[in-house]
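Thanks for coming, everyone. I'll keep this brisk. Please look at the structure on the screen.

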Amino acid sequence: MLPRPVFFARPILARAYASPSSPHALLFLDHRKGVIDPGSLSALTAASQLGGQVTGLVVGSNDHVTSVLDKAKSLKGLTSLLHSTSDVYSEPLPETISPLLEKILSGSQYTHVVSTPSSLAKSLLPRVAARLDVPAVSEITSLEHDAASNSTTFTRPIYAGNAIATVRLPSAVPIKFFTVRGTSFDAAPLEEGKEVPIQAVDPVDVSDSPTQHLSTNLAKSDRPDLSVASRVVSGGRPLKNAETFEATLYPLADVLGAAVGASRAAVDAGYADNSLQVGQTGKVVAPELYMAFGISGAIQHLAGMKDSKLIVAVNKDPDAPIFQVADVGLVADLYEVVPQLVEKLKQ
């Protein structure tokens, strides 16, 4: 027996969620304890390129939401703000926020739902999209909206960045969900004196949810956040152990005011915390300066840093793949090079 063709459901959905001709995007503003995720600012820039209105959605406890609203109301590109406060949302989970997002979208005039690809949004947006029987496109790097046909075309990297897929969502898709790769769009700036309309949305009762938040463990560091740092110093497997990793790279990172990153091999070996992993299964970065020490340049790592403005690589292997993308390459022993760099920079 053949499965039911999905197009049978489309006419019903299109009537329930009628799309206006002008785009109206709903931007999920992700934040951590009242501090807006930098990726959300890039997602706002992408949403603005649709050429229509952009409404921000802030969810959390009262104190955190108030802090976010104070900053978000002046963001360039936003036309309005929605917020929902509840103790249930103090530690946001996809299971608790998805009913609220469904409620907001039900019968609304929103044409797009946008977010940064945070750990929360990666679960939240596909969950709600599946409930509404529409597709979701992840980590787009460009977009173009055709008002005449009410279709949106995206590009996104595939095969660890070795190919670019072009994805078109036609007018038959009434609400288009997508996340935005932050390194591909500039962060939306603040506009002095601007204030957008703010409206409250009642929270949805999720008391019967089987999911509960137990704890959150975050790695703390005085260094810049790896995701948004303008300079990054990364190390690989040749750094031997966690003590050597720290003793070798941290002094250089300190003198440069740089964030510290690591290859997957270094993370798997226990040299560095998972939060420092750069690559396809870690963080995607695009700093002004990326320095790679003892990193061979596996395709998975290159996918996370090849958009950096200036790539400096130091490796003993002259055939290391990292040299194919490096702007400056040095075939040398990192244990000799790094101390010399630190000494020269201090001078």
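A pocket here is an open set of grid points with protein on both sides within 12 Å along at least five of seven lines. Its volume is the space filled by probe spheres set on those points. One caution before the numbers: this is a predicted model.

Pockets, then. The second largest pocket has a volume of about 380 Å³. How many residues line the second largest pocket? The count is 28. R237, S263, G294, I295 and S296 lie nearest its centre. Several elements contribute to the lining. Helices α7, α8 (299-302) and α9, together with strand β16 (310-315), each supply at least two residues.

Rolling a probe the size of a water molecule over the atoms shows where empty space is left. Searching the whole structure turns up 1 cavity of 30 Å³ or more. The volume of the largest cavity is about 40 Å³. Which residues line the largest cavity? They are F28, L29, D30, H31, V59, P92, I97 and L120.

Next, helix α6, residues 242-256. How far apart should its ends be? It has 15 residues, and at 1.5 Å a residue they should span 21 Å. The end C-alpha atoms are 21 Å apart, so the two values agree.

Look at both ends of α6. At the start, a side-chain oxygen of N241 comes to within 3.2 Å of the backbone nitrogen of E243. Just after the helix, G257 takes a positive phi of about 65°.

Which α6 residues are buried? F245, T248, L249, L252, A253 and L256. An α-helix has 3.6 residues a turn, so residues three or four places apart point the same way. And what covers those buried residues? The cover includes three strands, β13 (231-235), β14 (259-262) and β15 (289-293). It also includes the helices α7 (264-268) and α9 (334-346). Remember that α7 and α9 also supply residues to the pocket lining.

Over to helix α2, residues 38-48. Here 9 of the 11 residues are buried, so the helix is largely enclosed by the rest of the structure. The buried ones are G39, S40, L41, S42, A43, L44, T45, A46 and A47. Strands β1 (24-28), β3 (35-36), β4 (53-60), β6 (112-115), β8 (142-146) and β11 (176-180) are among what covers them. D37 caps the N-terminal end of α2. One of its side-chain oxygens lies 2.7 Å from the backbone nitrogen of G39.

Start with S74, between α3 (62-72) and β5 (80-85). Is S74 buried or exposed? Its relative accessible area is 14%, and the cut-off for buried is under 20%, so S74 counts as buried. Leaving aside neighbours within four places in sequence, S74 is in contact with P189, L190, E191 and K194.

D133 sits in the loop between α5 (119-131) and β7 (136-140). Its phi is positive, about 60°, although D133 is not a glycine. D133 is partly exposed, with a relative accessible area of 34%.

N150 lies in the loop between β8 and β9 (151-158). N150 is not a glycine either, yet its phi is positive, about 55°. N150 is buried, at 12% relative accessible area.

That's my tour. Over to you.

Key: Residues numbered from 1 in each chain as written. Predicted model: local features only at pLDDT ≥ 70, side-chain atom pairs only at ≥ 80, totals over all residues. Heavy atoms only, no water. Helix = DSSP H or I, 4+ residues; strand = E, 2+ residues; numbered from the N terminus. Expected span 1.5 Å × (residues − 1). Buried < 20%, exposed > 50% of the residue type's maximum accessible area, 1.4 Å probe, protein only. Contact = heavy atoms within 4.5 Å. Polar contact = N/O pair within 3.5 Å; in protein donor to acceptor, adjacent residues only side chain to side chain. 1 Å grid on protein atoms, 1.4 Å probe; cavity = no way out; pocket = protein on both sides within 12 Å on 5 of 7 lines; lining within 4 Å.
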